[in-house]
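Subject: Structure handover

Hello,

Here is the structure I promised to pass on. Please open it alongside this message.

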Amino acid sequence: KTVIIKKALYGLIGSCAQFHRHLCGELYKLGFVPSKADQDLWIRDARDHYKYIAKYIDDILIISKDPMSILNKLQKPTGPYKFKGVGGPEYYLGGDLKISYMGDSIKELQLSAKTYVKRICDKIEQLMGWRLKVFMNPMDLNYHAELDESDFLVGDE
């Protein structure tokens, strides 16, 4: 199961760095260690599964069989933080999230850019006064890109 925390921090330019340092200390206390590939991805071996905490500026994503137990250790009154927007993740770092469970385990994790692409298309239509074509995703099974002779989106050089 997962929990997403949004909008945990606002303030001065150095607030993000200070929050990062403080959160690192709290995660070490809980037995988490940063991954070698990304210092904002924290991992803890729980023997029967791994617990993950992904942090980006002030957004935190907790992936574990029991994410609320981790959140409760970080959140007041037992922990140092007061989080807002706590709940199951639907959108994280510009991407839509869809999670399917099988019992307590994640069966499938889908990431997409649907919301991001829709926002960009809406802005283009508004700014340019265009009405963009609607295409299905995944593409129509009968469409063959190798046979498409329609014009390119940009002019010839």
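Below is what turned up, grouped by region. Keep in mind that this is a predicted model.

**The hairpins**

Strand 2 (residues 33-34) and strand 3 (residues 41-45) run antiparallel and are joined by 2 bridges. They form a hairpin, with 6 residues between the strands. P34 has W42 of strand 3 as its bridge partner.

Strand 3 also pairs with strand 4 (residues 50-56), again in the antiparallel sense, over 5 bridges. Here W42 stands opposite I53 of strand 4. The hairpin of strand 3 and strand 4 has 4 residues between the strands. R47 takes a positive phi in that hairpin, near 70°.

**Strand 5**

I63 belongs to strand 5 (residues 59-63). Its relative accessibility is 25%, so I63 counts as partly exposed. I63 and Y52 are 11 residues apart along the chain, and their C-alpha atoms are separated by 5.0 Å.

**Aromatic pairs**

How many aromatic pairs does the structure hold? There are 4. One of them is F19 with Y81, an edge-to-face pair at 5.5 Å centre to centre, with 70° between the planes. This pair links distant parts of the chain, 62 residues apart. F19 sits in helix 1 (residues 15-29), while Y81 sits in the loop between helix 2 (67-74) and strand 6 (84-87). Both residues are buried.

Another pair is Y50 with Y52. This one is tilted: the centres are 6.4 Å apart and the planes 35°. Are these two tyrosines buried, exposed or in between? Y50 has a relative accessible area of 45%, so Y50 is partly exposed. Y52 is at 31%, so Y52 is partly exposed too.

There is also a cluster to look at: F19, Y81 and F83 form one aromatic cluster.

Strand 8 (residues 95-102) is joined to strand 9 by 7 bridges.

Y116 lies in helix 3, which covers residues 114-128. The helix has 15 residues, so at 1.5 Å a residue it should span 21 Å. Its end C-alpha atoms are 21 Å apart, which agrees. Just after helix 3, G129 takes a positive phi of about 70°.

Which residues form the nonpolar patch on the surface? They are Y116, V117, I120, I124, L127, M128 and W130. Together they have about 710 Å² of accessible area. For the spacing, recall that an α-helix has 3.6 residues a turn, so residues three or four places apart point the same way. Y116 has 45% relative accessibility, so Y116 counts as partly exposed. The cut-off for exposed is over 50%.

**Where to start**

I would open with the F19 and Y81 pair, both buried. Then turn to the nonpolar patch that includes Y116 and W130.

Best regards

Technical notes: Residues numbered from 1 in each chain as written. Predicted model: local features only at pLDDT ≥ 70, side-chain atom pairs only at ≥ 80, totals over all residues. Heavy atoms only, no water. Patch = residues over 30% accessible without salt bridge, like charges linked within 9 Å, V, L, I, M, F, W, Y side chains within 5 Å. Areas by Shrake-Rupley, 256 points an atom, 1.4 Å probe, with all protein chains shown as cover. Salt bridge = Lys/Arg side-chain N within 4 Å of Asp/Glu carboxyl O. Buried < 20%, exposed > 50% of the residue type's maximum accessible area, 1.4 Å probe, protein only. Expected span 1.5 Å × (residues − 1). Pairing = 2+ DSSP bridges. Phe/Tyr/Trp six-rings, centres within 6.5 Å; stacked < 30°, edge-to-face > 60°.
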